[in-house]
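Please read these notes with the model open.

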Amino acid sequence: MRVETLADRHLMTAADLLLGAQIWRTAAPVSRVADNDTAFQAITESLHSGLGLGAMEGNELVGFLIVPLPSGPGPARITILDTQHGASQPYVRDAYRALYEAAAAELVNLGCFWHKIRVLTEPPESVDSFVEMGFGIDQIKGSRPISPTLSSGQIRSIEEAVRDDVNDLARLWVELATYHARSPILNPALVDLPAIRNDLVATIEDEGRKIFVARQNGNAVGMIEAHPDAHYQDTVTIGLNIVTGAVRSQGIGTTLLEAVMRWSGSAGYQHCAVSWASPNLVSDAFYRAHGFVPIRYELARQIDPRVSWANESLNFSLLDGAWRSAESGNE
């Protein structure tokens with residue numbers, strides 16, 4: 001199997017491969033890449049700012065990968081979307097291994113050592129191929145059908161957020177960021193409060209998005225934000241979902257989720273989706289217990305940046321000479 005630059009003559013076949021990868025079981029949301037035209041459009045748009053690679057078996061394209069290149073040299077992270085790769089079922093493992101070998105070399109040459117790729121959970125061979133190359137699960141995206149009731153038990157005061165709630169919502173956001181900084185998630189709590197406040201205000205004023213606030217004794221103790229999913233049809237996605245630590249395990253998270261279900265059901269959505277960090281033990285347990293099934297993983301691989309100089313260009317003969325000189329001096 002050889003890898004070559006993705007050319008115009010390959011694009012229709014690549015669209016077929018992408019479309020095949022987006023087919024879902026009936027209970028899952030339908031990708032917005034739902035026919036050959038949308039698949040072809042997704043690929044051509046990605047090629048405007050990315051490196052297109054094709055895996056060839058003889059004269060047949062059996063896999064492709066489009067890598068969004070960093071805007072300039074230096075430390076960077078790139079994320080390959082699930083609409084930027086695909087492989088024919090008999091060749092999934094070999095194609096992805098060959099394609100990533102070529103892509104990783106190019107990225108490291110540009111100083112990019114943090115690689116992410118979004119891979120659908122079915123077929124499992126796609127996920128396995130990248131895990132075998134050193135990737136691990138960083139984020140999980142799950143989905144479930146819309147249901148208006150979740151048997152949440154005691155109903156608490158749930159209200160739509162207004163501008164006067166921004167300070168309370170920002171406080172909850174900061175609490176979430178500091179929680180994510182703890183073990184085992186260990187993400188740095190880098191908080192840009194002005195940007196957070198601006199985004200919250202924009203969300204509150206956007207009729208297509210919703211923030212619901214849970215209150216106890218007049219105090220905001222939880223919030224949940226939902227908006228139309230950019231990648232799946234008839235699907236609403238949960239963004240922020242926070243319950244303050246002092247009142248967890250009291251059903252507040254379930255009540256907030258129920259509010260989203262009621263709103264999204266009345267708006268005509270068929271599915272609810274959400275992404276969570278794989279090492280977030282609380283979120284992982286909560287969403288799985290409430291019927292969310294993983295449909296996509298975001299896999300990540302961090303490469304030791306010393307490979308930029310400690311590679312085959314290192315002159316080991318000089319090191320050997322220094323070692324021999326040291327040995328001679330010890331005699």
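1. Terms for the pockets. On a 1 Å grid over the protein atoms alone, a pocket is an open set of points with protein on both sides within 12 Å along at least five of seven lines, where a 1.4 Å probe fits. A cavity is a set where that probe fits but cannot get out. Lining residues have an atom within 4 Å of a point. Grid points are joined across faces, edges and corners, and a volume is the space filled by probe spheres set on them.

2. Basis. This is a predicted model: local features need pLDDT of at least 70, side-chain atom pairs count only at pLDDT 80 or more, and totals for chains, interfaces and linings use all residues. Residues are numbered from 1 along each chain as its sequence is written, and side-chain values use heavy atoms, with hydrogens and water left out.

3. Largest pocket. Its volume is about 1200 Å³. The lining counts 47 residues; Gln139, His180, Asn187, Trp276 and Ala277 lie nearest the centre. Elements that give two or more residues to this lining include strand S6 (114–120), strand S7 (136–145), helix H5 (166–180) and strand S10 (219–228). Strand S11 (235–243), strand S12 (271–277), helix H8 (281–289) and strand S13 (293–302) are also among them. S11 gives the largest share, five residues. Helices (H or I, at least four residues) and strands (E, at least two) are DSSP runs, numbered from the N terminus.

4. The largest pocket is lined by 25 nonpolar, 13 polar and nine charged residues. Here Ala, Val, Leu, Ile, Met, Phe, Trp, Tyr, Cys and Pro count as nonpolar, Asp, Glu, Lys and Arg as charged, and the others, Gly among them, as polar.

5. Second largest pocket. Its space is about 350 Å³. Of its 18 lining residues, Val243, Arg248, Gly253, Val282 and Phe286 lie nearest the centre. H5, S11, helix H7 (252–266) and H8 each supply at least two lining residues. Which element gives the most to this lining? H8 does, with four residues. By class, the lining has nine nonpolar, eight polar and one charged residues.

6. Overall build. The protein has nine helices and 13 strands. Of its 331 residues, 46% count as buried. Buried means under 20% relative accessible area, exposed over 50%, and partly exposed in between (1.4 Å probe, protein chains only). Of the contacts with a separation of 6 or more, 72% are between residues 24 or more positions apart. Contact means heavy atoms within 4.5 Å. The protein exposes about 16700 Å², with 51% of it from carbon and sulfur atoms. Accessible areas come from the Shrake-Rupley method with a 1.4 Å probe; for residues, only the protein chains shown count as cover.

7. Helix H1 (residues 11–21). Leu11, Ala14, Ala15, Leu17, Leu18 and Leu19 are buried in this helix. Their cover includes helix H2 (36–47), strand S3 (60–68) and strand S5 (85–87).

8. Lys210. Is this lysine buried or exposed? Lys210 is buried, with a relative accessible area of 17%. Lys210 lies in strand S9 (residues 210–216). Its side chain makes a polar contact of 3.0 Å with that of Glu160. A polar contact is a pair of N or O atoms within 3.5 Å; within protein, one must be able to donate a hydrogen and the other to accept it, and residues adjacent in sequence count only if both atoms are side-chain atoms. Leaving out residues up to four places away in sequence, Lys210 touches Glu160, Ile224, Glu225, Ala226 and Trp263.

9. Cis peptides. Glu122 and Pro123 are joined by a cis bond, with omega about 0°. Pro123 sits in the loop between S6 and helix H4 (124–131). The bond from Ser183 to Pro184 is also cis, with omega near 5°. Pro184 lies in the loop between H5 and H6.

10. Leu186. This residue lies in the loop between H5 and helix H6 (193–205). Leu186 is exposed, with a relative accessible area of 56%. Its phi is near 60°, a positive value in a residue other than glycine. Beyond residues up to four places away in sequence, Leu186 touches His180 and Ala181. The C-alpha atoms of Leu186 and Pro279 are separated by 8.9 Å, at 93 residues apart along the chain.

11. Asn217. Phi is positive at Asn217 too, near 55°. Asn217 is found in the loop between S9 and S10. Asn217 is exposed, with a relative accessible area of 80%.
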